[in-house]
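Please work through the following exercises with the sequence and the structure side by side, and try each task before reading its solution.

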Amino acid sequence: MPKWAHLGLAVLLSISTTLVGAAEIDWWENASLYQIYPRSFQDSDGDGIGDLKGITSRLSYLKEIGITATWLSPIFTSPMSDFGYDISNFYDIDPIFGTLDDFDALIVEAKSLGVKIILDFVPNHSSDENEWFEKSVNREDGYDDFYMWDDGKLNEETGEREPPSNWVSVFSGPMWTWNEKRQQFFLHQFQVKQPDLNFTNPMVREHMLDVLKFWLDRGVDGFRIDAVPHIYEHRNADGSYPDEPVSGWGSDPNAYDYHDHIYTKDQPATVDLMYEWREFLDNYRAQNGGESRVLLAEAYSSVETLSAYFGNSTHQGTQLPMNFQLMYLSGYSTAEDVVGSIDYWMNTMWKEHQTANWVVGNHDTNRVADRMGAHKVDLLNVIVNALPGASVTYYGEEIGMSNVDVECTGDSCEDRDGERTPMQWTAGKNADFSDGESTWLPLSPEYQRYNVQTERGVSRSSLNIFKGLQALKSSAAFMAFKDDGGFSYEAVTKQVLQIIRTNKISEEYRILVNMGNDIEILDGLASKTYEYVLATAYSTHYPGQKADLSARIILMPYEAVVLRWLA
Ligand code: GLC
Ligand code: MG
């Protein structure tokens, strides 16, 4: 977009704010969020693993593509049994990633660029190598009840101790493991090396607030809260733990889906914990100034539950309970299916709270190119950025990265490696991710075609479509989403999704997405003449071309376009 067009948008924006009094919106409400997996974004020291200095050197790229805030997967001291989701010191940076000084330098650069930094906060568990756990094993003063300990049940026949309940961990196998030293079982919703902290202990909650404060003081803008549904477990009044019922899914009793997790997921106390953390952040802001600090919540839960985590008229919780609904779409999903997924969120969250966010993917899920097909990457990017609210992009989705077949050997085999491969910056050695001899995961064999540098020079590349979408997010029409009637979405045919964004006075956008592999012919879609502002690679149209929607518009298979009408 030429520079003057931005000016025009800015002027329109201020006019529309005064004319129609567009609802006030806070920065996170229509933010473009971006997840960085630090091991894989940029290596600065040639060891083949990404680090903080690397991220700092690439922050200007986030600015270039229109990112508001980036959340980093864990960077804290860790034995890396779950690549940083097993924290041995919540107050320091792992040497693989750098030092606290490197972190401070990252914050300075981020602030000067105007890119917000959000850290991963992993409260449910620590590493078993955390000194808290060691103290707890030894029943040191104050740490005795820091984790979830239990004697288990005594089997009268064998005389052996058995786990307190039939609970199965998320990564399969028992959720309880015997600790020889303490002679008790401890609970772990994830790996054995990730013992669950005991949130019914006020001391634990205090410690976690202290962790939040430590990083807020270093200048972060918020946190992505890991594994929210797993924080609390139900305990009977007599101190025992109830077995979970069989779900009817599958036949392996050691698989997570075998049981219905009614006692280990989304327990009522979690809602209050969200309020507690939000209040802490709000108070911090009241005392220290600056813009809103935010909480993203990772919860694979019903939208009704996410709504509770968001809050109600008297209590505020997490601003961005992440909406994973669009991650469940597949290559077979029609425009009607997409509308169904959008509806589920909108009929609950939007209706109750006028808020929305749309997650494209993350480090635990196959990339869009694998879930839906490479030809649908741009379509999903268009949809999440055209819908009202915040979008959440996983690094590399903006250039159409796909999963890489990673050879799995030995114990360290991770079935999630495929979506965690190095960022593809250029067609050069190691895609410019690292100048070392090798990289911790292999580069995609396709990196010479899909990379930032190459895509900058291709007008309809995924990268340029993505950038074009970000520019739209600050237009008057897109900013008016909280105004009554400022947006709508529908499947105009089984395969064509239409999203309308308007400020109802000066501009209107129509976004058309053909999810199917047939040519679609749409007659008399609207009464006005529009102009193409964006068209994906499969389109036969170009920006600036007119589209008279009172006549007919033709969409090629997998084509998405953005049309604009200006008063
Ligand atoms: C979250 C993370 C995942 C991690 C798990 C345990 O689901 O996204 O990567 O393994 O929590 O911390
Ligand atoms: Mg827990």
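A charge sits over a ring if NZ of Lys or CZ of Arg is within 6 Å of the ring centre and within 35 degrees of the ring normal. This is a predicted model, in which local features need pLDDT of at least 70 and side-chain atom pairs count only at pLDDT 80 or more, while totals for chains, interfaces and linings use all residues. Residues are numbered from 1 along each chain as its sequence is written, chains are lettered from A and ligands numbered from 1 in the order in which they are written, and side-chain values use heavy atoms, without hydrogens and water.

**Exercise 1.** Find the ring over which the charged end of Arg39 sits.

Solution. Starting from Arg39, its charged end is found over the ring of Trp440, 4.3 Å from the centre. Turning next to Lys116, this residue lies over the face of Trp27, with 4.8 Å to the ring centre.

**Exercise 2.** Describe the aromatic pair that Phe76 and Trp215 form.

Solution. Rings of Phe, Tyr and Trp (its six-membered ring) pair if their centres lie within 6.5 Å, and planes under 30 degrees apart count as stacked, over 60 as edge-to-face and the rest as tilted. The whole structure holds 34 aromatic pairs. In the one formed by Phe76 and Trp215, the centres are 5.2 Å apart and the planes stand at 55 degrees, so the pair is tilted. Because Phe76 belongs to strand S3 (residues 76-77) and Trp215 to helix H5 (residues 202-217), the pair ties together parts 139 residues apart in sequence; helices (H or I, at least four residues) and strands (E, at least two) are DSSP runs, numbered from the N terminus.
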